[in-house]
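Here are my notes on the two-chain region you asked me to look over. Please read them with the coordinates open.

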Amino acid sequence: MMRLSRAEHKEIVRWTEKLRPTRQCMKILKDRFPSHSQSTLLSIFSLEYQKRIKRTFSRHHVPDVIESYYQRYLSEAKAQPTAPVLLELANEVDLSPALMARIILDRFLQGQDGGMPSKSVLNSMLKEPSLIPDQILANNVYQCTINDCCYGPLVDCIKHAIGHEHEVLLREKLKEKNLSFLDENHLRTMGYDKTPDIILEVPVAVEGHIVHWIESKASFGDDQSHRTYLNEQFWSYWNRFGPGLVIYWYGFIGELDCQRDRGILLKDCFPTDIVTLCHATQQDRSPESQNKDKE
Amino acid sequence: MAALLESLLSQKVDIIKVVDWLKSAGDEEKLSISELGLTVHKEEFVPFLLNFLREQSSQALTHGPATPAKTPSRPRPAAQTQVFSERRGCKSASGGSGTRGASRVQLFSPSSVSPGPEGSHCLSQLNFNNLEEFPPVGSSPISPAASKPTRRINPTPVSAERPHSKPKTCFTSTPFSKPSSPLSGVEPLEGSMTGGNSLSLQEERELLKREKTKRAQQVGSPQPSSLEPCTPTKTVLKTGSKVTPEHQTTCPEPSKVTFSLELDLLVELYSTCISENLVPNIFLELFFVMQLLTSRSPHTHDDEQESLCAAHSHSGVQLVHNCVYFAVKVLENQFQLVAHLDKCTLRLLAENERVASFSPHLRDRLTQAQDKSTAKVTELYLSTFIHSVPFQPDTDNRSNFSSDKAFHIFKKQRDIFYEVLREWEDFHKEPGWSFDTALGNRIRGMMSQMTSAGNHSHFARLFLKQLIQMCKGPRVNSTSGDTPDADLLGMLGAEGLGRLKRLEERLIQPHGVVGPCPPPSFPGYQEFFRDFLQAASCCQLNQHLQDSLCQQLLQLDEVSILSPPASICEREEEEEEDGDMEQQDEKQRFSSVLLLARLLAKFLGFISFLPYQTSEKPSREIQDTAIALRSKSVPVLDVCAVLRNSMRRRRTILTVPWLVEFLSMLDFIGPLLLCYRTTLGTLLLLYRRLVLGRCEEMCYLNKLLMVSVLGWLFQINPSFFIHSGEFRKLLAAFVSGSTAKSGGIIRKITPTSAELKDTPAAHRSQQKLQVDLEQAFFHNQPPSLRRTVEFVAERVGSNAVKHMKATLVNELVGRGEKMLRDGLGSPNSNPSKLNDSICAQLCDAGLEALARATRYKSLFYKCPAVLATSENITKRLATEKACSWLSANITGN
């Protein structure tokens, strides 16, 4: 059951508040809510954790705080060169490990040649820690990246892959159902200004609602993300292509599915109740007209 | 006039003479009856008669919804009330009518001043008819001296200087040398009174003044709300509410009808007026008749009292028995008109126990008419489902914009537009919500961005397309949730009288004539588009919209209409059911073109006259200046030429309804400008020529449509159609009613073929879903695809029908007859079996033809799914067309 009530969602959110983005914490969450899928819980946690980080990041991202983290890292790394000191520091101050790694690496590079390191250099080093000239720092950065389930190049990569996977899954399901569609790439070449993942060339009805387009979201639909998606994507699709379907593969807050009559339908899986245009060879004639004939 | 009526009722004048006079076209406006020394003008007599009937029945009509009879459109000389109540007071029966009549003759006839209904218009606005102000029967007898002259208000020349001053103040404080308007919003009538002499006017004014003072005293409150112009409905309702609805109504009985002779005479006169188009709006009259039919006596009188009343009031229409008698007689008399009402209305009428008890024959005819009726309340089956305007790469992608920036800005603007629309949908009904406060700045911000990017034409297209999508259909107010269908279904559960009451409400609702607050002229979503334009107040956008609206309208006006066969008029009755397939299609297409043209014309009118709209009528001087100024510039649309052209080509059935919409948006000055004045005059002539009963080149329903739209336009002031030469008076109509908009009634009579009827709910929803899906399919395809599919389906369908006609039908009918004779199975099932087998064969023919169709389309389309779907839709449409032709024609066998 991936369609959660707002109350259920709130309960999960309450539990995530104290957790860190680590595997151990994910296990705690999973044990607490065994009836929900791990992906759903992870997605909810991820959204909540991102909110938390957005709220608190400015607190960490001030020069003297950065400097103090850097100095602590230097001294601790010196004392225990093999220990994951940076990861521990991040968890201690409740900052995403991957972001902590970025801050420290940034500071390290500034110290190396004095100037501000370019973003691309920074990103490539985060992605590929072996490029970092300092071996110990490279290890620490690597530990941070692989132990952060919410931020960092690895997570970005996983998210992208999952997103892509679900789009592929969706396309396969559509083909299976013999539904003809255009995908995003196709639409872009035609010059559309906003493009959902899928446009059905021949619309269908899902649970009695017309569907022209389908957007696949490999995440959980909570209030905030859904609101943002509505404003930035879903309504724009409606404005151009008419009513459509959003699939939140990892579930959503059930109460958000309130725009069905206005043309935005939410599902947590590929729908089963699909009605297509059926054209019987002989058109069904209404009982009325038959009665009329009998007169 | 009163004298004429008196003489008629007392049979001193032969009714045939008067009826013939009423029927005589134009040339005989005057009727002279030498033996009585009477000279009566048609334009005086008709309003007089209408008012007389309303007055007579007013007591019984204190129930129910806003009475149209009490709207300003009604010529209602208050004097009549007085005269008749006075008569009641002095208990004089017909014996006294001689003298009384004579005095009236003296009062009304000799003056060459024609007391046109503008005056009564005044009076009705002053609400003299109001029962609160003027309690009926004896409760407060009014002296003859005071009551007689009131009628003389009619020709009062008024000036525009004090358009909103209280009537009372006008009459008591304004020097006669400087006449001022007794009513708000009524155009001065200078020059309208041919030969009106100032002396008689002065006299009248003096009398009026006295009368006004007197009445003011009677009323007690110096400024009762009911004296406010245009509030009659309100007060009427108030009066109505005083009469407890639960108060047992008298059950009307044919045996209790009194004065049936007089009533019959009135029926004949009244029916003649309706048949001859002498009434301002036949639908209002029909409504009045319905009111009479459902009337109640305000108090339970015992029989003695009732007949007493009746005796005093001479004709006694105010008695429930008599009201119902009169109504039933009129319905019988106007059966042709009644028979064209929608099925449900007919059913309600047929099931009405009063109709049954007063005229079983009428009931039977109504029952029969039900089966034939093709008119529907919600005629066109349109998907209820609201679309956005699809993004079409052909017109909307980057290559259609001058720069990346413009393209990007338009992307945002499209989204803002819909965001605003959704917000409006959510909040506009909430109390205290104001369009401009909530959305104004966002819209204006959007406009200024648009100006910098030069995107107006793109936005104008989006705006118009969305307008058409949302407002074209007959169901204008989708937000109400109370669909006419649901309403009607609900009615079926109610009891007889109650049903008719609701029917009555429904009948008046589309008129929505001026009440305390006129109904919105832009119902449903139209309101959003109007408010948007007002908030945006962007001249560039308006210009683009005007250009586009003009172009689309003129294109629509040119749409080819297959006219029915020449013999249509005689065949009219069968035509409805027997209709050829092409003709049914044509009707549907025509209604759709008509609805669209009316919508576009309304918005073109709105935008075009927006710069000139004023909340108050400008003064005479300003008017003159404005006329001089505006007559120099070219109007947005050459309405004269359009109308002339349309008349020449006999296409008024399409042109007039939309022109009426356009003209209804005119500002105060508009009708004074030569081009509009001429057009209005031409429309008037057109209206007077449209006599429903007469079989001419135009078929009945078309005439009905024209009469109803023009009636609506003129209804606001009936004087207009009576004094054809007086264009000025038309102003009054616009002044008082240009914002009171309806147009709903036409839809009630537009015949179209029904798609979904009484099929079971589940089946119906499945069918609906399929229809929606089909609509949705075309939504994101270029419009050319739909046109192609429709074209091919049309051709294939009609070829199939031709084929069937030529071969299959003859053969199958022969076989069917044989089957019948052989007595195989129940005879009843034969036609349907026949139908089925024909359909089966038809499908083969259809499939063959589709091979051809496919070739057409493959030229346009590469995508197999789109092609296949188009094919299937084409097939379905073609089959459906052929089947509908079949079922229509096989039934007859």
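1. Basis. This is a predicted model: local features need pLDDT of at least 70, side-chain atom pairs count only at pLDDT 80 or more, and totals for chains, interfaces and linings use all residues. Residues are numbered from 1 along each chain as its sequence is written, chains are lettered from A and ligands numbered from 1 in the order written, and side-chain values use heavy atoms, without hydrogens and water.

2. Helix 9 of chain A. Helix 9 has 24 residues and spans 34 Å from first to last C-alpha, close to the 34 Å expected at 1.5 Å a residue. The expected span is 1.5 Å times one less than the number of residues. Helices are DSSP runs (H or I, at least four residues) and strands likewise (E, at least two), numbered from the N terminus. Asn178(A) follows helix 9, with a positive phi near 65°.

3. Its buried residues. Val155(A), Gly163(A), His166(A), Leu170(A), Arg171(A) and Leu174(A) are buried in helix 9 of chain A. Buried means under 20% relative accessible area, exposed over 50%, partly exposed in between (1.4 Å probe, protein chains only). The buried residues of helix 9 pack against strands of chain A, among them strand 3 (198-206) and strand 4 (209-217).

4. A nonpolar patch. Tyr142(A), Ile146(A), Leu154(A) and Ile158(A) make a nonpolar surface patch of about 350 Å². Helix 8 (135-146) and helix 9 (153-176) of chain A each give two or more residues to the patch. Patch residues have over 30% relative accessible area and no salt bridge, and nonpolar side chains are joined within 5 Å. A salt bridge puts a side-chain nitrogen of Lys or Arg within 4 Å of a carboxyl oxygen of Asp or Glu. Ile158(A) is partly exposed, because its relative accessible area is 45%.

5. Gln50(A). This residue sits in helix 3 (residues 38-60) of chain A. Gln50(A) counts as buried because its relative accessibility is 18%. Beyond four places in sequence, Gln50(A) contacts (heavy atoms within 4.5 Å) Cys150(A), Tyr151(A) and Lys159(A).

6. Thr869(B). Helix 40 (residues 864-892) of chain B holds Thr869(B). At 9% relative accessibility, Thr869(B) is buried. Thr869(B) touches Val202(A), Leu277(A) and Phe777(B), leaving aside residues up to four places away in sequence.

7. Aromatic rings. The whole structure has 39 aromatic pairs over all chains. Phe401(B) and Phe410(B) form a tilted pair, 5.5 Å centre to centre with 35° between the planes. Rings of Phe, Tyr and Trp (its six-membered ring) pair if their centres lie within 6.5 Å; planes under 30 degrees apart are stacked, over 60 edge-to-face, the rest tilted. Both Phe401(B) and Phe410(B) are buried.

Methods. Patches are made of residues with over 30% relative accessible area and no salt bridge: like charges are joined within 9 Å, nonpolar side chains (Val, Leu, Ile, Met, Phe, Trp, Tyr) within 5 Å. Accessible areas come from the Shrake-Rupley method with a 1.4 Å probe; for residues, only the protein chains shown count as cover.
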